[in-house]
Amino acid sequence: LPLIGLPCSGGTRMQEGTPAFVQMVRIGAALAAHRAAGLPYVVWMRNPTTGGVMATWASLGQVIWAEPGALAGFLGPRVYEAMYGDAFPEGVQVAENLASRGVIDEVVPLGSLRSRMIEVLSVLAPPRSRSADAAEHVDVPSSTDPDAWDSILTTRSERRPGIRELLTGVPHVPLYGTQEGESDPGILLAVARFGDQPCVVAAQDRHTQARVPFGPGGLRAVRRAIGLASDLDIPLVTVIDKIGRAHV
């Protein structure tokens with residue numbers, strides 16, 4: 001079954017004792033086994049999510065959300081101030097800042113949480129098993145299909161469809177960033193469901209890339225998508241849609 005994490009904790013060792021601190025290693029190992037089985041793990045960080053909880057199971061979700069305004073970080077603000085003699089800059093450890101920097105995927109209010117969890121788990125649900133003798137539908141090219149040159153002209157057209165059009169009407173949940181502090185608005189990441197098949201989507205958005213140059217953060221965001229598809233053992237759909245005419 002999929003797993004949902006709803007962490008809300010400060011320093012585990014200080015609040016619950018050394019045995020609880022050591023237990024976090026076992027929790028991490030259990031999550032690794034769950035992930036190795038190709039099962040989804042979705043996290044919604046509550047306020048606060050700090051310390052060992054943040055460093056282990058709160059940050060291991062394939063999809064990570066947080067409630068608005070949630071404090072989330074390894075060192076709590078009072079610990080940081082005691083260690084370094086200065087306070088954290090305002091808003092550094094707040095969910096909205098983490099979302100803007102690609103550490104978490106989205107800020108999700110409590111009132112929307114139930115419907116969003118249903119949405120993402122429905123998208124990631126395994127495909128229904130098909131009977132062994134079920135006939136597969138195969139599209140047979142007809143004489144009215146465009147020839148190769150027509151296809152080339154279509155890919156070069158400024159009016160060609162992009163990733164936004166591809167996902168129109170398709171159940172999908174957007175992801176954002178690398179989960180390691182990098183993001184690229186020109187790369188669209190999502191988990192989606194085409195028909196009965198869940199998949200991970202990594203796509204260039206040429207309209208956004210016209211304003212924001214493609215950089216290393218985008219490549220690392222795509223690497224996250226590749227790892228996620230591998231973890232969940234589902235297909236990866238990539239869309240190469242560069243600015244200007246496509247080269248064939």
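Author: Thr178 counts as buried, at 7% relative accessibility; buried means under 20% relative accessible area, exposed means over 50%, and partly exposed lies in between, with a 1.4 Å probe and protein chains only. The model is a predicted one, in which local features need pLDDT of at least 70 and side-chain atom pairs count only at pLDDT 80 or more, while totals for chains, interfaces and linings use all residues. Residues are numbered from 1 along each chain as its sequence is written, and side-chain values use heavy atoms, leaving out hydrogens and water.

Thr178 is located in the loop between β7 and β8. Helices (H or I, at least four residues) and strands (E, at least two) are DSSP runs numbered from the N terminus. Leaving aside residues up to four places away in sequence, Thr178 touches Gly102, Gly217, Arg220, Ala221 and Arg224, where contact means heavy atoms within 4.5 Å. A polar atom of the Thr178 side chain also lies 3.0 Å from the backbone nitrogen of Glu180. A polar contact is a pair of N or O atoms within 3.5 Å; within protein, one must be able to donate a hydrogen and the other to accept it, and residues adjacent in sequence count only if both atoms are side-chain atoms.

One of the residues touched by Thr178 is Arg224, which forms a salt bridge with Asp105, with 2.8 Å between the closest N and O atoms. Because Asp105 sits in the loop between α5 (95-100) and β6 (106-107) and Arg224 in helix α10, this pair ties together parts 119 residues apart in sequence. A salt bridge is a side-chain nitrogen of Lys or Arg within 4 Å of a carboxyl oxygen of Asp or Glu. Asp105 is buried at 7% relative accessibility, and Arg224 is buried at 11%.

Two strands pair if DSSP finds at least two bridges between them. Strands β8 (residues 187-194) and β9 (residues 197-204) pair in the antiparallel sense over eight bridges, and Arg193 stands opposite Pro198 in β9.

The structure holds nine salt bridges. Another of them joins Asp241 and Arg160, at 3.0 Å from N to O. Asp241 lies in the segment after β10 and Arg160 in the loop between α7 (148-156) and α8 (163-166), so the pair ties together parts 81 residues apart in sequence. Asp241 is buried at 6%, and Arg160 is buried at 9%.

Arg164 and Asp205 also meet, at 2.9 Å from N to O. Arg164 is in helix α8 and Asp205 in the loop between β9 and α9 (206-209), 41 residues apart. Arg164 is partly exposed at 47%, whereas Asp205 is buried at 4%. Finally, salt bridges with shared partners join Glu106, Arg116 and Glu119 into one network.
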